[in-house]
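Hello,

Here is the structure for your files. My notes on it follow below.

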Amino acid sequence: MRARVPAVLLLVLLALSSPAAAGPAAVPAGALWVPPLRGELTVTRPFDRLPHPYAAGHRGADLAGAPFGPVLAAGDGTVVFAGMVAGRPVVSIEHTDGLRTTYEPVDPSLGAGSHVARGSPIGTLRPGHPGCPVQACLHWGLRRDETYLDPLLLLRPPQVRLLPPGER
């Protein structure tokens, strides 16, 4: 039994390091991401895990921020959209592995096609996000292809805990 434990551990680590092998909801292990706002993050409204893709719910995390403060790219990528959606300014960045982050309401400081580095400013946070309990909130979203994911997973990847043989 002892010889099987390292093999099982190796399989688990390989699955976690490969987003394609881990399924559509996996976030790349070891990827370098930064928070989209400076300072300590305060979540004012968390991501809703929805029962199906068309269910009503909150498809991102709202973070308390400073009005007109800088909003940062969470990871390296390319701006694929910077403009108005439903009357709110939105920035959307395409990253590797089919990941896309969105930021709203953000007055963009660059346009579509711009390459951004992790932690670089992409615009300023506009006050007035509906349902925000403070002066300004950033709605931060994450998708892999068409599947919405909790963007906070980029900052806090799932923890792997190994159990002793025979425990589950």
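Phe 68 lies in the loop between β2 (61-65) and β3 (70-72). Strands here (E, at least two residues) and helices (H or I, at least four residues) are DSSP runs, numbered from the N terminus.

This is a predicted model, in which local features need pLDDT of at least 70 and side-chain atom pairs count only at pLDDT 80 or more, while totals for chains, interfaces and linings use all residues. Residues are numbered from 1 along each chain as its sequence is written, and side-chain values use heavy atoms, with hydrogens and water left out.

Overall make-up

The protein chain has 2 helices and 11 strands. Along the sequence, their pattern reads α-α-β-β-β-β-β-β-β-β-β-β-β. Of the 168 residues in the protein chain, 32% are buried. Buried means under 20% relative accessible area, exposed means over 50%, and partly exposed is in between (1.4 Å probe, protein chains only).

Backbone points to check

Most residues other than glycine have a negative phi, and most peptide bonds are trans.

Phe 68 is not a glycine, but has a positive phi of about 65 degrees. With a relative accessible area of 56%, Phe 68 is exposed. Asp 107 belongs to strand β7 and, at 25% relative accessibility, counts as partly exposed.

Ala 86 also has a positive phi, about 50 degrees, and is not a glycine. This residue is in the loop between β4 (77-85) and β5 (88-94). Ala 86 is exposed, its relative accessible area being 67%.

The peptide bond that joins Glu 104 and Pro 105 is cis, with omega about -10 degrees. Glu 104 is in strand β6 (residues 99-104), and Pro 105 is in the loop between β6 and β7 (106-108). Glu 104 counts as buried because its relative accessibility is 16%. Its side chain makes a polar contact with the side chain of Arg 88, at 2.7 Å. A polar contact is a pair of N or O atoms within 3.5 Å; within protein, one must be able to donate a hydrogen and the other to accept it, and residues adjacent in sequence count only if both atoms are side-chain atoms.

Which charged ends sit over the ring of Tyr 148? That of Arg 59 does, 5.5 Å from the ring centre, and so does that of Arg 143, at 5.8 Å. The criterion is NZ of Lys or CZ of Arg within 6 Å of the ring centre and within 35 degrees of the ring normal. Tyr 148 lies in strand β11 and is partly exposed, at 38% relative accessibility. The C-alpha atoms of Tyr 148 and Asp 48 are separated by 9.7 Å, the residues being 100 apart along the chain.

The second largest pocket holds about 320 Å³ of space. It is lined by 16 residues, of which His 52, Pro 53, Glu 146, Thr 147 and Tyr 148 are the closest to its centre. Strand β11 (residues 147-149) gives the most to this lining, with 3 residues. By class, the lining has 8 nonpolar, 2 polar and 6 charged residues. Here Ala, Val, Leu, Ile, Met, Phe, Trp, Tyr, Cys and Pro count as nonpolar, Asp, Glu, Lys and Arg as charged, and the others, Gly among them, as polar.

A pocket, on a 1 Å grid over the protein atoms alone, is an open set of points where a 1.4 Å probe fits, with protein on both sides within 12 Å along at least five of seven lines; lining residues have an atom within 4 Å of a point. Grid points are joined across faces, edges and corners, and the volume is the space filled by probe spheres set on the points.

Other residues

Leu 63, in strand β2, is buried, with a relative accessible area of 0%. Arg 118 is in the loop between β8 (115-116) and β9 (121-125) and is partly exposed, at 35%. The C-alpha atoms of Arg 118 and Ala 73 are separated by 5.3 Å, with the residues 45 apart along the chain.

Regards
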